Amino acid sequence: MLRLQINGEEIAVAAEARESLADVLRERLAMTGTHLGCEHGACGACTVEIDGRATRACLLLGAMAEGRRIATIEGLRDDPVMLVLRRHFHEKHALQCGFCTPGMLMMARDLLKRRTDLDEAAVRDGMAGQICRCTGYAGIVRAILEAARELRELGSSPA
Ligand code: FES
Ligand code: FES
């Protein structure tokens with residue numbers, strides 16, 4: 001039995017010791033907003049937040065996440081940075097099939113929590129570990145730049 005702190009809730013979940021955090025979230029807890037692509041750390045589809053930092057959930061055993069604060073895309077519906085990001089992803093056509101989108105949003109939020117003075121090169125660099133097979137990235141970069149501009153204007157300081 002694992003005891004995980006997910007989106008502010010203590011959750012006890014029966015899982016095998018060999019199961020990745022991504023599998024525990026998806027298969028045991030039906031939290032399917034965390035996607036699984038490569039399952040070996042290369043695509044970023046499984047990005048969640050652990051102790052305040054973006055982390056690949058496929059590279060971590062569920063057991064290794066005990067005692068740590070986990071946030072998933074499901075827990076960030078009302079997060080102020082995520083609200084701004086989601087609107088700009090929508091407006092700038094930053095998704096097509098949507099498979100990469102939860103991971104993109106989680107990583108972009110991580111980037112914007114740390115700094116909002118981003119130019120295109122900094123966005124591309126910060127998002128370099130996230131793979132999208134559909135969009136060609138232009139809309140994603142535009143959306144994150146616009147979100148950064150809006151957060152700067154709102155005076156949102158990095159966490
Ligand atoms: S599924 Fe985790 S990085 Fe690709
Ligand atoms: S929108 Fe399809 S993989 Fe990114």
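User: How many salt bridges does the rule find across the interface of domain 1 and domain 2?

Analyst: Across that interface the rule finds three salt bridges. A salt bridge here is a side-chain nitrogen of Lys or Arg within 4 Å of a carboxyl oxygen of Asp or Glu. This is a predicted model, in which local features need pLDDT of at least 70 and side-chain atom pairs count only at pLDDT 80 or more, while totals for chains, interfaces and linings use all residues. Residues are numbered from 1 along each chain as its sequence is written, and side-chain values use heavy atoms, with hydrogens and water left out.

User: Where do the two domains run?

Analyst: Domain 1 covers residues 2–75 and domain 2 covers residues 77–154; the bounds come from an automatic or database domain assignment. Domain 1 gives 20 residues to the contact and domain 2 gives 16 residues, where contact means heavy atoms within 4.5 Å. The C-alpha centres of domain 1 and domain 2 are 21 Å apart.

User: What area is buried between domain 1 and domain 2?

Analyst: About 1,400 Å² is buried between domain 1 and domain 2, and carbon and sulfur atoms give 52% of that area. Buried area is the accessible area (1.4 Å probe) that two parts lose on being put together, summed over both.

User: And how many residue pairs are in polar contact across the interface?

Analyst: The rule finds ten residue pairs in polar contact across the interface of domain 1 and domain 2, both residues being at pLDDT 80 or more. A polar contact is a pair of N or O atoms within 3.5 Å; within protein, one must be able to donate a hydrogen and the other to accept it, and residues adjacent in sequence count only if both atoms are side-chain atoms.

User: Which strands supply residues of the side of domain 1 that touches domain 2?

Analyst: Strands β3 and β4 (53–56) each supply at least two residues of that side. Helices (H or I, at least four residues) and strands (E, at least two) are DSSP runs, numbered from the N terminus. The residues on the side of domain 1 that touches domain 2 divide into eight nonpolar, eight polar and four charged. In that division Ala, Val, Leu, Ile, Met, Phe, Trp, Tyr, Cys and Pro count as nonpolar, Asp, Glu, Lys and Arg as charged, and the others, Gly among them, as polar.

User: Back to salt bridges: how many does the structure hold?

Analyst: The structure holds 13 salt bridges. One of them joins the side chains of Lys 113 and Glu 49, at 2.8 Å from N to O. Another pairs Glu 150 with Arg 87, whose closest N and O atoms are 2.6 Å apart. Glu 150 lies in helix α5 and Arg 87 in helix α2 (residues 80–91), so the pair ties together parts that are 63 residues apart in sequence.

User: What about Arg 28 and Glu 19?

Analyst: Their side chains meet in a salt bridge, 2.6 Å from N to O. Arg 28 is partly exposed, with a relative accessible area of 41%, while Glu 19 counts as buried at 7%.

User: Which residues does Arg 109 touch?

Analyst: Not counting residues up to four places away in sequence, Arg 109 touches Glu 49, Leu 76, Asp 79, Val 81, Met 82 and Leu 85. Arg 109 is placed in helix α3 (residues 101–114) and is buried, with a relative accessible area of 8%.

User: And where is Thr 47?

Analyst: Thr 47 is in strand β3 and counts as buried at 3% relative accessibility. A polar atom of its side chain lies 2.6 Å from the backbone oxygen of Gly 44. Leaving aside neighbours within four places in sequence, Thr 47 is in contact with several residues, including Ala 54, Met 106 and Gln 130.

User: New topic: what is phi of Glu 39 and of Tyr 137?

Analyst: Phi of Glu 39 is near 60°, a positive value in a residue other than glycine. Phi of Tyr 137 is also positive, near 75°. Most residues other than glycine have a negative phi.

User: Where are those two found?

Analyst: Glu 39 is in the loop between α1 (21–28) and β3 (47–50). Tyr 137 is in the loop between α4 (120–126) and α5 (138–154), and is partly exposed, with a relative accessible area of 28%.

Definitions and conventions:
Chains lettered and ligands numbered in written order. Buried < 20%, exposed > 50% of the residue type's maximum accessible area, 1.4 Å probe, protein only.
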